[in-house]
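Let's take a quick tour of one protein model.

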Amino acid sequence: MAASDVPENIGLPESASLVEPEYTSGARWLRPSEWPTEADPYFQPRPFDSRTTPAIISRYDDVLAVMLDPEGIWRREIPPALFPLDDRHCIMGASWMLDGEIHKRLRRTLRQINRGSTDEARRFTRTLTKKLLARLMNEPPPWNLSRVIDDVSMRVIIECTLQAPPLLVHAVRLRQLWHEAGAASDGYFGMARQPEFEAILQLVTEEHHDLPDGLARHLVDVRDSGAMTDSQLMSQLGMLVVSYETQAASAASLIGMLLEHDLYGYARQAVAHPELMRRIVAEGSRRGLSFPTNLMTPSRPVTIDGQKLPAGEPVLVSYAAANMDPIRFGVSASRFDPRPSRPTHLAFGLGPHRCQGEVGAEQFVEDVLVAMLAQLPDDVQLDHDGQVLRETAGISWTIPRLLVSPRRAS
C-alpha cells in the first residue's frame with residue numbers, strides 16, 4: 001500500500017464512531033483473564049477423549065501435530081452433513097480458500113496479508129485511536145474502551161487492509177449484521193444467510209474499477225479471471241471484514257489483563273523497548289481468550305492419544321488450552337505475565353494452518369495499545385469491580401464492555 005492509499009484526513013463521522021458494541025444474553029462479567037467454569041474443557045489441556053461431543057484436542061503437542069499436518073489430513077471445512085451448504089451464511093463458506101488447490105491461486109493475496117501493515121497504515125491506526133479516545137474522554141467516566149477499539153478495528157480492515165471505500169459508510173451496519181448472525185438461536189452453527197450483509201459486500205464488485213489497487217480490487221480481479229466463484233469472493237471479503245472482531249477482542253483482552261495485573265505502568269515503560277513490547281503482545285495472544293477454538297475435520301481416519309477418529313468427524317482444536325499447557329509453558333502457564341521470554345504459542349496456529357493475518361493482527365494490537373498508553377491517565381484502572389463484559393459463545397469471545405476510570409483519590 002502506498003502512502004497515498006492511506007486516508008490522510010481521518011474523519012470522525014458522528015454516525016459511524018463510538019457506537020456501543022452489542023452483545024448477546026450469554027455475555028458474562030468476568031475478570032479479563034477469567035472464563036466460566038463450564039467452559040473448562042476449552043481452556044484446560046487434557047488427554048483427547050473421542051467420546052465427548054464435540055471432541056476437543058487441547059494438549060499443546062496434540063494441537064501442534066494438527067497444525068503442522070505433514071500428511072495434509074486436516075481441513076477447516078464444515079461438513080455439509082453438519083451444516084448444509086444452502087443454509088450457510090456467506091462467511092461459513094470461507095474455508096474454501098484455506099485448504100486445497102484454490103489456496104495456491106491466491107498467493108499474491110496471501111503474501112499481502114502475511115506482510116502485515118505498512119508504516120502508513122500503522123500510523124493511521126495510532127492516530128485514529130488517539131482521536132477517538134480523546135472524544136470518548138470528553139464524556140464522564142467510566143469510559144468503555146471497546147467503543148474505540150471496535151471502531152478502529154473495522155476502519156483499519158476496510159480502509160487499510162481491504163482498501164474498499166464503498167464499505168466505509170456501512171461499517172456500523174456490517175457490525176450489527178454480524179452480531180445478529182452470531183446471536184442466532186443455535187449459535188455458530190445456527191447462522192442463516194445474511195442477504196443484506198452480502199448485498200453490502202457486492203458494492204465492492206459494483207465499484208470495482210474505482211477501487212484503489214489493494215486486496216479488495218485484487219480479489220475481484222481473481223473472480224473475474226475465473227479462478228473463483230462469486231460466492232467464494234463474497235466469502236473471502238466477508239471473512240476479512242469480520243476479522244475486525246477478533247483483532248479488536250485481542251486488543252481489549254490485552255489491555256484488560258495489563259490493568260488486572262497492575263502492569264499498566266510496566267507497559268508504559270516497555271514502549272521504548274521493542275523486545276519488551278513484542279513479549280507483551282505475544283503474551284496477550286497466548287493468554288487472551290478472544291479466539292479459543294477452531295473446528296477441524298480429518299479427511300481420513302486418524303489416531304489421537306491412541307483413540308481413533310473417523311474421517312469427516314469434526315473436532316474442536318483448542319488453541320487456548322494448548323497455550324496454557326504446563327508441559328510447554330511451565331507450572332504458571334495459566335497466569336498472564338508478559339515479562340519473561342516464553343516459548344512460541346499457538347494462538348494463530350502454525351504451519352499450513354497458520355492464520356494469514358497473524359502479523360497484521362499483532363501490529364494492530366500493539367498500535368492500539370501504544371496509542372492508549374499515551375492517551376489514558378497514569379492512574380487509570382478497571383471499573384465494574386475489575387471485570388469486563390465478555391461474550392462466551394460464537395467465533396470470537398469479544399469484550400463489548402471494557403470500562404475504565406481514573407483511580408479515585410483515597
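Predicted model: local features only at pLDDT ≥ 70, side-chain atom pairs only at ≥ 80, totals over all residues.

**Helix α15**
- Helix α15 covers residues 358–375, and its 18 residues should span 26 Å at 1.5 Å a residue. Its end C-alpha atoms sit 26 Å apart, which agrees.
- Buried means under 20% relative accessible area. Of the 18 residues in α15, 13 are buried, so the rest of the structure largely encloses this helix.

**Helix α10**
- Helix α10 runs through residues 230–260, which makes 31 residues. From first C-alpha to last it reaches 46 Å, close to the expected 45 Å.
- There's a bend of about 25° in α10, and you'll find it at V242.
- Since 25 of its 31 residues are buried, α10 is largely enclosed by the rest of the structure.

**Positive phi in the loops**
- Just after α10 comes D262, with a positive phi of about 55°, even though D262 is not a glycine.
- D262 belongs to the loop between α10 and α11 (264–270). Its relative accessible area is 64%, so D262 is exposed.
- D385 isn't a glycine either, and its phi is positive too, near 55°. Look for D385 in the loop between β9 (380–382) and β10 (388–390).
- With 79% relative accessibility, D385 counts as exposed.

**A cis peptide bond**
- P141 and P142 are joined by a cis peptide bond, with omega at about 5°.
- P142 sits in the loop between α5 (119–136) and β4 (143–144).

Definitions and conventions: Residues numbered from 1 in each chain as written. Heavy atoms only, no water. Helix = DSSP H or I, 4+ residues; strand = E, 2+ residues; numbered from the N terminus. Expected span 1.5 Å × (residues − 1). Bend = angle between axes of the 7 residues up to and from the residue. Buried < 20%, exposed > 50% of the residue type's maximum accessible area, 1.4 Å probe, protein only.
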